[in-house]
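Subject: Structure for you to look at

Hello,

Here is the structure I promised. Please open it next to this email; my notes follow below it.

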Amino acid sequence: MTVYKALTIAGSDSGGGAGIQADLKTFQELGVFGTSAITALTSQNTLGVQAVFPIPPQTVGSQIDSVLSDIGADAIKTGMLFSAEIITLVAGKLRQYGPLPLVVDPVMIAKGGAALLQAEAVEALRRELLPLATVLTPNVPEASAILGEPEIRSVEEAVEAAKRLFAYGPRYIFLKGGHMDGDEAVDVLYDGTEVRLYRSPRFRTKHTHGTGCTTASAIAAGLAKRLPVPEAVAEAKRFITAAIGSGLEIGGGIGPTNHAA
Ligand code: PLP
C-alpha cells in the first residue's frame with residue numbers, strides 16, 4: 001500500500017481548530033499520513049489567542065531534520081511562522097531537502113486580531129519563501145499585506161492581485177475570496193497564464209475558526225497524493241465547504257470548522 005506523507009510546519013492551536021491541529025486532522029481525513037514541525041505554541045480557545053510562545057529557530061530546524069531525514073514528505077505545508085528568523089531557517093531547510101511540493105499559507109493575523117507573524121517578517125516571507133512555493137494561499141487581507149496595497153473589494157481586483165503576487169515566484173496563486181462581500185465565496189487560482197474561479201455559497205455562520213489552515217493543508221494533502229494543483233484545489237474547496245457548513249458550536253466564541261464533516 002502506498003503511504004502518502006505530508007509535513008506541516010506551523011503553530012500549535014491549543015483549542016484544536018487551527019494550526020498544526022487542523023492540519024493533522026485534515027491530512028488524516030484526506031488519507032495522508034501527517035507529520036509536524038512546530039514553530040510556535042499558542043494558548044488559544046474560541047474566544048481568541050491568549051498568548052504566543054515562539055519556538056527557537058534551531059528547535060524548528062531540528063524537528064524538520066528528524067522528519068525529512070527519515071520519513072520524508074510527499075508535500076509540505078507552512079502556516080504560522082511568526083518571525084523572520086524562523087522563515088529564514090525554514091526556507092533554508094526547504095532548499096536543503098527540496099524541491100518538494102510546497103503550500104505556503106501566509107498566516108499573519110488571527111481573526112481576533114492577534115499577530116501570528118511579526119510585521120517586520122513580511123519582507124522575509126516575500127523574499128525567501130514565496131519563490132519556493134508551489135501554491136501560495138493568501139486570503140484577501142494577506143494578499144494586500146504582501147503586495148503593500150489597499151483592500152481588494154471585487155473578484156476583478158482579486159484576479160489583478162493574483163497576477164501581481166505571481167511575480168514573487170510561486171507557481172500558483174490561490175487567492176481566497178471568503179473575506180469579500182457577496183452571496184458567493186469566489187476564489188481565484190492563477191498559474192501565470194490561466195485564471196480559474198472556484199465558487200461556493202456563502203454560509204451565514206460565525207464558526208469559521210481555522211478555515212485558512214484547513215484549506216492549505218487540504219491542498220497539501222492533494223499534492224501529496226500527486227493530484228495536479230487545480231484538482232488539489234478543487235478537492236480542498238469541497239473539503240472546506242463541508243467543514244464550514246457544519247462548523248462546531250463549542251466554547252463561548254468562534255467555533256472551529258468540522259474537519260470530519
Ligand atoms: N492559530 C494558529 C496557530 C494559526 O496557524 C492560525 C491560522 O491561520 C490561526 C490561529 C488563525 O485562525 P483563525 O483566524 O481562523 O481564527
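Is Phe82 buried or exposed? Phe82 is buried, because 23 other C-beta atoms lie within 10 Å. The cut-offs are these: buried means 20 or more other C-beta atoms within 10 Å of the residue's own, exposed means 12 or fewer, and partly exposed is in between, with C-beta atoms placed from the backbone.

Before the rest, two notes on reading the model. It is a predicted model, where local features need pLDDT of at least 70, side-chain atom pairs count only at pLDDT 80 or more, and totals for chains, interfaces and linings use all residues. Residues are numbered from 1 along each chain as its sequence is written.

Overall fold

The protein chain has eight helices and nine strands. These are DSSP runs, numbered from the N terminus: helices are H or I with at least four residues, strands are E with at least two. The C-alpha trace spans about 45 × 45 × 45 Å along its principal axes. Buried residues make up 50% of the 261. Of the contacts between residues at least 6 apart in sequence, 69% join residues at least 24 apart. A contact means C-beta atoms, placed from the backbone, within 7 Å.

Most residues other than glycine have a negative phi, and most peptide bonds are trans.

- Phe82 has a positive phi of about 70° and is not a glycine. Phe82 sits in the loop between strand E4 (75-78) and H3.
- Arg226 also has a positive phi of about 70° without being a glycine. Its loop runs between helix H7 (211-224) and helix H8 (229-245). Arg226 counts as partly exposed, with 13 C-beta neighbours inside 10 Å.
- The peptide bond from Gly98 to Pro99 is cis, with omega near 0°. Pro99 is in the loop between helix H3 (84-97) and strand E5 (102-104).

Helix H2

H2 covers residues 57-70. Its 14 residues should span 20 Å at 1.5 Å a residue, and the end C-alpha atoms are 20 Å apart, which agrees. The expected span is 1.5 Å times one less than the number of residues. Val60, Ile64 and Leu68 are the buried residues of H2. They lie on the same side of the helix, because they cover an arc of only 50° around the axis. The arc is that of the directions from the helix axis to the C-beta atoms. On the other side, Gln58, Ser66, Ser69 and Asp70 are exposed. The cover over the buried residues includes strand E1 (5-13), strand E2 (33-45) and H3. Gly72 follows H2, with a positive phi near 80°.

The ligand

The ligand is surrounded by 18 residues, and the closest are Gly11, Ala18, Gly19, Met80 and Lys111. A residue counts as near if its C-beta atom, placed from the backbone, lies within 6 Å. E1, E2 and H7 each supply at least two residues of this shell.

Best wishes

Key: Two residues are in contact if their C-beta atoms, placed from the backbone, lie within 7 Å.
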